[in-house]
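The following exercises are intended for a reader who meets this structure for the first time. Each task is followed by a solution in steps.

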Amino acid sequence: MQTTPFNSLDSIFLNLDCREEPWSVQLEVRVPGTVDPGKLTEAIRLTTARHPIARARLKTVKGHHGSYAWEIPDVAEQIPLEVVDASAPGALEAARARLQSHQVPLASSPPFAAMLARHPEGDYIMLNLSHVAGDGLSAFRLMTSIARHYAGAEDPVPDFDPLEKRHLGKLAGSRGLAQRAQRASLLAEHLWKSRTPPVRVKTRNVPDGEAPGYGFLSLAFSEEETAQIMARREKPATINDMLLAGLILTVREWNHREGGEEGRASIMMPVNLRPKDWWFEVVTNFSSYIPVSLTPDQQTDFVTAMRAVCALTTRLKEEGGASTLIDLLEGLDGLRLPDFIKRQLRAAVPAFERTSIDTAVLSNLGRMPQPLDFGEAGETQEIWFSPPGMMPLGISVGAASMLNKLFLTLRYRKAQFDAAAAEEFAALYRSILLG
């Protein structure tokens with residue numbers, strides 16, 4: 001049986017994943033028609049055959065110094081598709097929350113779960129991909145394969161072994177002392193900023209005890225509304241810069257209304273490390289992370305915040321900010337820490353909570369090249385995506401664009417908000433983006 005070692009991001013996510021806060025990557029699409037469960041099951045089976053990590057399972061760690069690795073069986077051990085009726089009011093939202101609040105077991109393959117939700121406006125095909133196995137673009141690549149196989153279309157992949165591309169140090173590590181020094185300077189700058197703890201989003205209407213799992217809110221912007229947002233853009237700012245600025249201002253206004261903290265806000269932003277020639281290819285973890293933080297004087301209004309975010313993200317891109325984390329993780333991997341120490345990562349979270357955990361996370365899949373075609377069920381009309389989050393970072397926003405429309409998903413921990421509070425937060429975010 002083929003095996004492949006974990007890359008450094010896989011290892012981190014494995015030791016953060018837990019039942020209460022599963023590291024699930026949400027990716028779902030809606031088609032206007034009816035999807036055949038048998039054909040969908042076969043399409044998922046063919047997809048697992050197409051992508052090695054899509055049928056992987058966790059290899060048992062032996063000994064204190066064992067290294068994490070994936071086992072790649074010849075075929076997936078099961079096809080994890082559940083079909084649900086989501087026609088009643090609230091049923092779709094409940095099904096989504098249940099799927100994404102499920103911790104995908106990694107001892108058996110594949111490392112994802114799928115759901116077909118029957119809805120009056122068309123069927124939803126939903127994926128919960130364990131973040132231990134892949135990132136947001138991995139989930140989109142899986143959905144692309146599923147659509148192609150369902151429609152009987154070809155599903156081309158790059159002409160290289162995807163397992164040989166998984167080493168993050170080779171892909172994005174520092175090349176030479178000068179580059180390493182530049183990235184070390186960025187890390188030192190971040191640590192200096194962290195002397196001022198980032199604000200926390202004020203919780204509301206949450207139980208006193210444990211509140212496991214996630215809730216979700218979908219924010220669809222019409223073509224007209226999307227154009228209205230884009231009309232506020234000042235070049236060279238990107239739509240992602242605008243979304244970051246809007247989220248920071250939403251946190252500021254929410255905390256002001258709720259009597260929460262005001263101060264430096266820091267948003268965790270995943271960055272795709274895949275080369276441009278295979279930007280949407282290879283199922284694995286290729287997303288590094290950079291913090292985008294604004295001081296209170298940069299949060300006075302939307303234009304000021306957008307300009308500040310744009311200046312920061314431009315600099316981080318030019319100086320390789322996303323690869324700074326990779327250098328750090330690769331260095332830690334080189335220490336070959338025993339497994340029992342790695343497993344203490346989650347227990348160590350409270351020690352870093354005050355300075356090193358961001359306010360929220362925003363991940364943007366970007367503009368989808370074209371709608372996915374599900375044959376007789378039709379082309380996708382909606383796309384929804386979100387990354388996981390863990391308290392005290394209780395809010396994560398996922399963005400994707402398709403058909404000149406912007407689709408945002410607000411994922412919140414149930415220890416952060418109840419449904420009513422989440423709706424108010426989402427409505428505030430929408431109003432700030434639209435101006």
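**Exercise 1: The chain as a whole**

Among contacts in the chain (heavy atoms within 4.5 Å) between residues at least 6 apart in sequence, 78% join residues at least 24 apart. The model is a predicted one, in which local features need pLDDT of at least 70, side-chain atom pairs count only at pLDDT 80 or more, and totals for chains, interfaces and linings use all residues. Residues are numbered from 1 along each chain as its sequence is written, and side-chain values use heavy atoms, with hydrogens and water left out.

Task: State how many helices and strands the chain has, and what percentage of its residues count as buried.

Solution. Step one: the chain has 13 helices and 14 strands (DSSP runs numbered from the N terminus, helices being H or I with at least four residues and strands E with at least two). Step two: 54% of the 435 residues count as buried, that is, under 20% relative accessible area with a 1.4 Å probe, protein chains only. Step three: the chain exposes about 18,300 Å², of which carbon and sulfur atoms supply 53% (Shrake-Rupley method, 1.4 Å probe).

**Exercise 2: An open sheet**

Task: Give the order of the three strands in the open sheet and identify the edge strands.

Solution. Step one: the order is E1-E4-E3, with antiparallel pairing (two strands pair if DSSP finds at least two bridges between them). Step two: strand E1 (2-5) and strand E3 (57-58) are the edge strands, each pairing on one side only. Step three: E1 and strand E4 (residues 69-72) run antiparallel and are joined by four bridges. Thr3 stands opposite Glu71 in E4.

**Exercise 3: Two helices in contact**

Task: Describe how helix H7 (residues 223-230) and helix H13 (residues 419-434) cross.

Solution. Step one: their axes, which are lines fitted to C-alpha atoms over the stretch in contact, come within 8 Å and cross at roughly 60 degrees. H7 is therefore oblique to H13 (angles under 35 degrees count as roughly parallel, over 145 as roughly antiparallel, 65 to 115 as roughly perpendicular and the rest as oblique). Step two: Glu225, Gln228 and Ile229 in H7 meet Arg430, Leu433 and Leu434 in H13.

**Exercise 4: Glu424**

Task: Which residues does Glu424 touch, not counting residues up to four places away in sequence?

Solution. Step one: Glu424 lies in helix H13. Step two: Glu424 touches Arg204 and Trp254 under that condition.

How values were computed: Axes fitted to C-alpha atoms, helices over the stretch in contact; angles between N-to-C directions. Buried < 20%, exposed > 50% of the residue type's maximum accessible area, 1.4 Å probe, protein only.
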